[in-house]
Amino acid sequence: MTGIDDHLMQIKSKLAGKIHDAQIIADSRLEIRTSPENLLDIMTFIAQDLEFPSLEAISGVDWDTYFDVVYHIDRWDGDSTVIQVRVKLDDRDDPKIPSVTSIWASANWHERELFDMFGIIVSGHPNLKRLLLPDDWDEFDHKHISELYPMRRAYTLPEKPFSYKPQPKEDV
Amino acid sequence: MSEQMYIHMGPQHPVNHGLWTLKVKTEGEQVVGSEILIGYIFRMIEKMAESRPYDTFQPLADRLCYVSAMSWEGTYIMAIEKLLGMEISKRAQYMRVIMLEFQRIASHFTWLSAYAGDLGVLTMLVIPYREREYVLDLLEHVTGSRMMYNYFRVGGLKHEFPNGFIDDARMLTYYLDDRVAEYNAMLEDSKVFMLRSKNVGVLSKENALNLGATGPVLRASGTQGDIRKVEPYLVYPDLEFEVPVRTGGDCLARFQVRMAEIRQSTHIIRQALDNLPAEGEINQKAPRRLPKGEVYFRTEDPRGEAGYYIIGNEDQIPYRVKIKSPAYSNLCLTSHLITGGKVADIPPIVASADLCMGEIDR
Amino acid sequence: MAFGIYDGFVDWLLGFVSDILPGQVEFQDSLRLTLIDSLEMTSILVFLIVNTILLIWFERKLVGRMMNRRGPVFIDFNYGHFFGRTWKFGLLQNIAEFLKFFSKEDIVPEKADKFPFNIGFFAFVVAPPFMLGALLPLGATEVIADPAVGFLLIFALFSLYPVGVLITGWSSNNKYSVLGGFRSAAQMISYEIPLILSVGAVVIVTNSFSLVQIASQQTNTPAGLPFMIFMPIGFIVFMVSLAAETERVPFDIPEAEAELVMGWRTELTGFRYMMSMATEYFILLIGAFIGVSLFWGGAYLPFIPASTIESIPLLSTAILVVKIWVFIFLFIWVRAALPRIRIDQLLDIGWKRLIPLAFVNIVLVIILFLMNPGLFGVVS
């Protein structure tokens, strides 16, 4: 793949100072590490200058002390490079990230899911409310506060959740 | 009528095959706005994947979508193998290709019957199910199950093909080719079908990319977006096939793309059956622990690009599993497509996106 | 105009009564006529209802076969077990389902406007087709009423149906029903015009509004060929408009189940739902009666003299029934093959294609008629 090296060179030259690190992590996987302040500039550069027209997925990762938000961005025409933008959110109590819906419309639901599952506030999102959980989920009577954002590590499934043991039959 | 009114379609409504709500704002017969509400069958499958040893998640991956279970479990297994750095034998790879392509055919038949049923051709609602049943019979013969197969394993497959499978499969592919020709005659030659499909729900190439369309929806808009070609996995580079692309971007183009894909799939299956190596280990031993690292692996699901983002942390249990579902993006853009059209165009547009709520809500 | 088969029975009955009560009763002639009339009315009602039930069975069976299914199978008489299988056709399935619907609770939605919901439905949807029954000929001579305004009356009663649909849909206060009702009204109003225009050509050449007279005039054409041969455009326009009037596929837009659940009848349950569905078939049956009388020569066959058919009792009725079933078979066939079209496309077809075609048909028929009136059975 010649494409991916070109992309890496361009990113390193044009975005120097805005990114923490850029490297090829696997076949046709290019990772950029950055912080939320520079995210929109980087995304605009990727979408418009590198011509990556489609956003695949936004995944949140909870590393106990901080959050990562990982964007996978794709271009379809024969080039299999997927740019993986990894944004580190240090402030765990008030995680905030700018919205990229103005660049890729498909980010809409992904960002809502991010808010829904991790409680990461996506600033600038046109319609930031819960997607998969009910709208009034916050008002429910929760057993534990971690149920508010269930994909965080604090929320765990019950012990031995799925080991099914048939109970011995009681005599009638 | 100039007054606007909201029509709720769902969660129980014929237009949505599955549980979701489409809130449509109408002005007479004109749709002026819409909102989609999902989450009715949210099961936190990602959390389940993060709470158990990686190999025990595979039966749950089947449950992501009941129409294309094989491809979801296949994607998961292949992602894990990539993370583990395993290389599986050629024979197992060919067998996987055969299974995945049969699953694609079955899924497209289900789609066809849903689409035709939404247009009101009740005959075509029933008949594709007959052909799908033959495919499912074949898959059942191999795996012992009609829908939730649990056939792939990390390192290969559960067991060999049964006796006589090769001949049955080859005969079935020829039969299916005939049937698809028949469907085309039934639908594409019908003027009313063309009236209802042509120029309905047009998605331009730029919009398709920007809104994150994948799979047949993307290819119907003129982009050569097939992971089997863009980023080949298994033995797809060795097999000769083309990616059907249409430029219309409407429901008709999506129909044609899917019909052409069925033909390509039968073509692939026949090649794979011919080239299937006689010898090869099909179930290797796999390491118990996932290494530290991450992988974003994607395959071509019948609905589009299915992806797993898996982070391993030197443990049996994956640290993070993110599922990228093609129907999720395709449903998101449906709201964009129906706005500005007629109320009567909602069913074909929604159906042509090929939704499966299991993988959307996850 | 009478069936002629009840005269003897009524005479015998009246004679029997005056025999057992000698000298005490004296019968007016009007009583005899009333008795005959009511027997005839009953027989046509029974005929229509039995035919409707059989038609629904026929459609379910036929569409089932076309769709690679078997249709209703189990609920039937016991014909026995021979030739290696049990013979059952599901003939009684519809009766069983009618009983089921009758046994259900009659629900009027809480938010519905009660008065129009009840009155509109029964007065305008259910009643008119039953009234139409009296005007239908059951054979060459078996006619109850043959008013000079035949068609005008039939179409006047037909046009009450969309009013009832609109009232029912609107008053049930459901968004699907409202949309369905408006669609129905728009569709029926725009398709009534080509329907009447296509019938107009027939009226021009026969100089009559009576179904019986039009049917019998088709025996005077060359070789007794029906009007369908001489005005094919008119026949096609008639068929398409009739499909739209009776809300059959591909024009079942008012009840498009994909987007409107059940259209204007979403809120109807149990008995009401059954009546609305049965009425639809009833109207189809009446449409078939009209179509057969106008374009397929009614109870007569080509090449066979009318006097022969009339001389054998009930032969003409049998011919009529067979023709009606063949006519309806066409609609069932179309239903199994075509998707539903959209309301704006439907209106386009109605106003931009069918109405001009109907006028072309009238002009062609007039030219043909002026050239050779014998073609249309006019004996000069």
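# Notebook: a predicted three-chain model

I began with Phe83(C), which sits in the loop between β1 (81–82) and β2 (85–86) of chain C; helices (H or I, at least four residues) and strands (E, at least two) are DSSP runs, numbered from the N terminus. The model is predicted, so I note that local features need pLDDT of at least 70 and side-chain atom pairs count only at pLDDT 80 or more, while totals for chains, interfaces and linings use all residues. Residues are numbered from 1 along each chain as its sequence is written, and chains are lettered from A and ligands numbered from 1 in the order in which they are written.

Entry 1. I looked up the backbone of Phe83(C) and found a positive phi of about 50 degrees, although Phe83(C) is not a glycine. Phe83(C) counts as exposed because 6 other C-beta atoms lie within 10 Å. The cut-offs I used are these: a residue is buried if 20 or more other C-beta atoms lie within 10 Å of its own, exposed if 12 or fewer, and partly exposed in between, with C-beta atoms placed from the backbone. I then turned to Glu314(B), in the loop between β7 and β8 of chain B. Phi of Glu314(B) is near 55 degrees, a positive value in a residue other than glycine. Glu314(B) has 10 C-beta neighbours inside 10 Å and therefore counts as exposed.

**Entry 2. Chain C overall.** I recorded 15 helices and two strands in chain C. Its radius of gyration is 23 Å, close to the 21 Å that the globule rule gives for 380 residues, so chain C is as compact as a globular protein of that length. The radius is taken over C-alpha atoms, and the rule is 2.2 Å times the number of residues to the power 0.38. Along the principal axes, the C-alpha atoms of chain C fill a box of roughly 65 × 60 × 55 Å. I found 42% of the 380 residues of chain C to be buried. Of the contacts in chain C with a separation of 6 or more, 76% are between residues 24 or more positions apart; two residues are in contact if their C-beta atoms, placed from the backbone, lie within 7 Å.

**Entry 3. A helix pair in chain C.** I examined α10 (residues 232–245) and α12 (residues 270–295) of chain C, whose axes come within 11 Å and cross at roughly 175 degrees. Axes are lines fitted to C-alpha atoms, for helices over the stretch in contact, and angles run from 0 to 180 degrees between N-to-C directions. The crossing makes α10(C) roughly antiparallel to α12(C), a label for angles over 145 degrees. On α10(C) the contact is made by Phe235(C), Phe238(C), Leu242(C) and Glu245(C), and on α12(C) by Gly287(C), Gly291(C) and Phe295(C). By class, the residues of this contact are four nonpolar, two polar and one charged. Here Ala, Val, Leu, Ile, Met, Phe, Trp, Tyr, Cys and Pro count as nonpolar, Asp, Glu, Lys and Arg as charged, and the others, Gly among them, as polar.

**Entry 4. Chain A.** I counted three helices and seven strands in chain A, in the order α-β-β-α-β-β-β-β-α-β along the sequence. Chain A has a radius of gyration of 20 Å, whereas a compact globule of 172 residues would be near 16 Å. Its C-alpha atoms fill a box of roughly 75 × 35 × 30 Å along the principal axes. Of the 172 residues, 37% count as buried. I also looked up Glu31(A), in strand β2 (residues 29–34) of chain A; Glu31(A) counts as partly exposed, with 19 C-beta neighbours inside 10 Å. Leaving aside residues up to four places away in sequence, Glu31(A) touches Ala22(A), Gln23(A), Ile25(A), Gln84(A) and Arg86(A).

**Entry 5. Contacts between chains.** Two pairs of chains touch, and I found the most contacts between chains A and B. There, 27 residues of chain B meet 30 residues of chain A. The side of chain B that touches chain A has 11 nonpolar, nine polar and seven charged residues. The contact of chain C with chain B takes 23 residues from chain C and 26 residues from chain B. The side of chain C that touches chain B has 14 nonpolar, two polar and seven charged residues. Chains A and C do not touch, and their nearest C-alpha atoms are 24 Å apart.

Conventions. Parallel < 35°, antiparallel > 145°, perpendicular 65-115°, else oblique.
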